[in-house]
Amino acid sequence: RMIAGLLAKQILKTDATVVHGHDIMGLMAATIVKKKCPEITLIWDAHELYSEVSYKSATAGEFIDATINESAPYVDYFTTISESFVEIYKQKYPELPAGEVLMNATRQTNWIEGETSKLHDASGLKHDQRILLFQGGLAEGRGISALLIAAQALAPEWSIVFMGSGKMSDEIASVAAALNPKREDGRSVIAMIPSAPYHELSEWTAGADVGIIPYENTSLNHFYCTPNKLWEYPNAGVPILASGMFEMSKMITEHGTGVLMDKDFTPSDILDALKQFTPDLRAHYRAQCKAFNDIENWEKYEPTLLNIYQGIAR
């Protein structure tokens, strides 16, 4: 509340006529502004099912739920990331305006043709070593523990590269230290590298053979999630291996951009699924990724956001 209040204080010093609030903190700050200046237009951009996240305490979830309920009457326009989210928000918070879908898509122009060695070089891996890439925050609930167990029986031609940072970094490093000495140089079981600048991300990602999204079924927020990686991997010509969450399953099945595991997958499921990504199928998956990017990209959703602003301007 204190941070939201400080944000609102800064906004109130401006002559803004529209406040676009991202996530919960943005909504809280924007609501304070709207209460003081009712003539301001408030857009809320919701990227998660905030009341359905797996919080450490029930009190946190109750606070978030109360915050959304309190703010809902002040919201003029509401956007979120999927039709599932639109329906859930409509049922839980009927005072919110009808939701518009703005998916987490990447721009179409980032498509990578050909090979790139950045990922192999940064990971210290030989260029013929196959890479299973985990890209993003190294947090609990994202299947990292299962990946680390699977790493113990990983086929010698495969390495797992963790690209990012987070609370599980030390655990990953510990497992890497135990497993990597069992392999020759350039063929480590596990490698860890920092996140790449976003404008270079597709060039780095393109060095992987498979991009994994092993989110665990810990909450409705995860079950209905559509993480950026659903676009970022295909954007670089990299097929996906994902847990069978509802929206991810729907998208991957419709566009043929990868392989799905059970939503309650095991480490063995990861190893079995990797067998389906043969080198001979690489061209097929790259073609599917290219077709996906021609259909599913930010240019498809951008007009929705622009139409909101054009409506406000009128």
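Author: Buried means under 20% relative accessible area, exposed means over 50%, and partly exposed lies in between (1.4 Å probe, protein chains only). This is a predicted model; local features need pLDDT of at least 70, side-chain atom pairs count only at pLDDT 80 or more, and totals for chains, interfaces and linings use all residues. Residues are numbered from 1 along each chain as its sequence is written, and side-chain values use heavy atoms, without hydrogens or water.

Reader: How many residues of β2 are buried?

Author: Strands (E, at least two residues) and helices (H or I, at least four) are DSSP runs, numbered from the N terminus. In a regular strand, side chains alternate between the two faces of the sheet. Now look at β2: six of its six residues are buried. Thr-41, Ile-43 and Asp-45 point one way. Leu-42, Trp-44 and Ala-46 point the other way.

Reader: Which strand is joined to β2, and by how many bridges?

Author: Two strands pair if DSSP finds at least two bridges between them. Strand β1 (residues 18-22) is joined to β2 by five bridges, and the two run parallel. Find Val-18: Thr-41 in β2 stands opposite.

Reader: What covers the two faces of strand β8?

Author: I can tell you which residues sit on each face. In β8 (residues 210-213), Val-210 and Ile-212 lie on one side. Gly-211 and Ile-213 lie on the other, and all of these are buried. Two bridges join β8 to strand β5 (residues 130-135), and the pair runs parallel. There, Leu-133 stands opposite Gly-211. Three bridges join β8 to strand β9 (residues 240-242), again in parallel. Ile-213 has Ala-242 of β9 as its bridge partner.

Reader: Which residues have the most contacts inside the largest nonpolar core?

Author: In soluble globular proteins, nonpolar side chains tend to be buried together. A nonpolar core is a set of buried Ala, Val, Leu, Ile, Met, Phe, Trp, Tyr and Cys residues joined through side-chain atoms within 4.5 Å. Here the largest has 65 residues, and Trp-44, Ile-68 and Tyr-89 have the most contacts inside it. Helix α2 (residues 23-36) gives the most to this core, with six residues.

Reader: What does Trp-44 touch?

Author: Contact means heavy atoms within 4.5 Å. Leave out residues up to four places away in sequence; then Trp-44 touches Ile-68 and Tyr-89, among others. Its other partners include Leu-27, Tyr-50, Phe-78 and Leu-96. Asp-23 is also one of the residues that Trp-44 touches.

Reader: Where is Asp-23, and what is its phi?

Author: Asp-23 is in helix α2. Its phi is positive, about 60°, although Asp-23 is not a glycine. Asp-23 counts as partly exposed because its relative accessibility is 28%.

Reader: How many salt bridges does the whole structure have?

Author: Side chains of opposite charge can pair when their charged atoms come close. A salt bridge is a side-chain nitrogen of Lys or Arg within 4 Å of a carboxyl oxygen of Asp or Glu. The search finds 17. Take Glu-203 and Lys-118, which meet at 3.6 Å, N to O. They link distant parts of the chain: Glu-203 is in helix α8 (residues 201-205) and Lys-118 in helix α5 (residues 118-123), 85 residues apart.

Reader: Is Glu-296 buried or exposed?

Author: Glu-296 counts as buried because its relative accessibility is 7%. Its side chain meets Lys-300 in a salt bridge (2.7 Å, N to O). Lys-300, at 43%, counts as partly exposed. Elsewhere, salt bridges that share partners join Glu-52, Asp-65 and Lys-92 into one network.

Reader: Which residues make the nonpolar surface patch?

Author: Patches are made of residues with over 30% relative accessible area and no salt bridge; like charges are joined within 9 Å, nonpolar side chains (Val, Leu, Ile, Met, Phe, Trp, Tyr) within 5 Å. Accessible areas come from the Shrake-Rupley method with a 1.4 Å probe; for residues, only the protein chains shown count as cover. Met-2, Ile-3, Leu-6, Leu-7 and Met-25 make this patch of about 500 Å². Helix α1 (residues 2-12) gives the most, with four residues. Leu-6 is found in α1.
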